[in-house]
Amino acid sequence: MSQTGQDRPSVLRAARERTRAEITRQILDAARRHLATEGASGLSLRAIARELGASSSAVYRYVASRDELLTRLIVAAYDALGAAAETAEAAVARDDLAGRWSAVCGAVRAWARANPNEYALIYGTPVPGYTAPPATIAPAARVSSVLLGILADAAGRSTPAIAGDDVPPDRRKALAPARSIVGPEVPDALLQRGLMAWAALFGTVSFELFGQLYGIVGEQPGDREAFFAESVRRWAAHIGIAPGRTADGPASPDGNWSPPQAKTTATAQAVENSTSHTAKEASP
């Protein structure tokens, strides 16, 4: 067989794969449009087929069921959010723990505001009758893995406020899944505080996105950004990675370590400006 004859099957296979990838992309894009109008529970492969001008049987050759379609959308959403957080965090100097934390928080909020339907799919109301398969676990963990990495780096800088804290033995087992990721070098108190801040981050983003801050936080330009930036700063302080925190700073009444004002003002302002700028880029 000639070289041309040998190459022909691979060329045809590549062409078929490109065609399949393109049709699959069109199906997923149509599904995202339906998320905006029908919600996740209203997704229908038949409706998507009608929009694309194809038969239902043709669409089923690319996506076997509604649950498979949901899984693909969920994995894609988690991966997109994870990539946004990873990219933002990687752009900050490794020794700037507060800056890395702020970058991740800002990236999560910006992505959620730019992709509200996909955010609602992965952090909103569960879809009746759908059970997420194991394929969603790793993508879902991307953001938390970045934040846990920051905690691991913060462990070597444990402040007296954290070092003097502890989690009761009967409650430590609740931290076991996260503990298996960060390892024993992260104190229980630091891990507990970090997970609390992680939950607060997504809770705050969800409250804003789903209208739960209406009448609670101002609606004037910059109000939401200011509230979020201050939340990010306080979460960092609670974790123990507040900007400019030093070992000889005075302790505040709530047990958080308060750094000298002269050493923190510029850094705190930079973190707030960065968070506000990231959020404004995603504003409608």
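## A helical chain, piece by piece

Let's start with two tyrosines: Y119 and Y123 sit 4 residues apart in helix α6 (residues 116-123), so about one helical turn separates them. Helices here are DSSP runs of H or I with at least four residues, strands are runs of E with at least two, and both are numbered from the N terminus. This is a predicted model, in which local features need pLDDT of at least 70 and side-chain atom pairs count only at pLDDT 80 or more, while totals for chains, interfaces and linings use all residues. Residues are numbered from 1 along each chain as its sequence is written, and side-chain values use heavy atoms, with hydrogens and water left out.

**The whole chain**

- The secondary structure comes to 14 helices and 0 strands.
- Of the chain's 284 residues, 40% count as buried (buried is under 20% relative accessible area, exposed is over 50% and partly exposed is in between, using a 1.4 Å probe and protein chains only).
- Take the contacts (heavy atoms within 4.5 Å) with a separation of 6 or more: 67% of them join residues 24 or more positions apart.

- The rest of the structure largely encloses α5, because 16 of its 18 residues are buried.
- α5 packs with helix α8 (residues 142-154) at an angle of about 170 degrees, and their axes are 10 Å apart. Axes are lines fitted to C-alpha atoms, for helices over the stretch in contact, and angles run from 0 to 180 degrees between N-to-C directions.
- On the α5 side, L97, R100, W101, V104 and V108 make the contact, meeting V143, V146, L147, G149, I150, D153 and A154 of α8.
- By class, the residues where α5 meets α8 come to 9 nonpolar, 1 polar and 2 charged. Nonpolar covers Ala, Val, Leu, Ile, Met, Phe, Trp, Tyr, Cys and Pro, charged covers Asp, Glu, Lys and Arg, and the others, Gly among them, are polar.

**α8 also meets α4**

- Helix α4 (residues 66-90) packs with α8 at about 25 degrees, with the axes 8 Å apart.
- That angle makes α4 roughly parallel to α8.
- From α4 come D79, L81, G82, A83, A85, E86 and E89, and from α8 come R142, V143, V146 and I150.
- The contact of α4 with α8 has 6 nonpolar, 1 polar and 4 charged residues.

**Aromatic rings**

- Rings of Phe, Tyr and Trp (its six-membered ring) pair if their centres lie within 6.5 Å, with planes under 30 degrees apart counted as stacked, over 60 as edge-to-face and the rest as tilted. By this rule, the count is 7 aromatic pairs.
- W101 and W235 have ring centres 6.5 Å apart and planes at 85 degrees, so this pair is edge-to-face.
- W101 lies in α5 and W235 in helix α13 (residues 223-239), so the pair ties together parts 134 residues apart in sequence.
- W101 counts as buried at 2% relative accessibility, and W235 counts as buried at 13%.
- Back to our opening tyrosines: the rings of Y119 and Y123 have centres 5.0 Å apart and planes at 35 degrees, so the pair is tilted.
- Y119 is buried, with a relative accessible area of 0%, whereas Y123 counts as partly exposed at 25%.
- Y119 and Y123 belong to one aromatic cluster with Y78, W198, F202 and F210.

**Helix α13 and what follows**

- α13 has 17 residues and reaches 24 Å from its first C-alpha to its last, close to the 24 Å expected.
- Its buried residues include F228, V232, W235 and I239.
- After α13 comes G240, whose phi is positive, near 115 degrees.

**Two residues to look up**

- G129 is in the loop between α6 and α7 (137-140), and at 72% relative accessibility G129 counts as exposed.
- Setting aside neighbours within four places in sequence, G129 is in contact with R66 and D67.
- Q192 lies in helix α12 (residues 188-209) and is partly exposed, with a relative accessible area of 29%.
- Q192 and I239 are 47 residues apart in sequence and 8.8 Å apart in space, C-alpha to C-alpha.

Note on methods. Expected span 1.5 Å × (residues − 1). Parallel < 35°, antiparallel > 145°, perpendicular 65-115°, else oblique.
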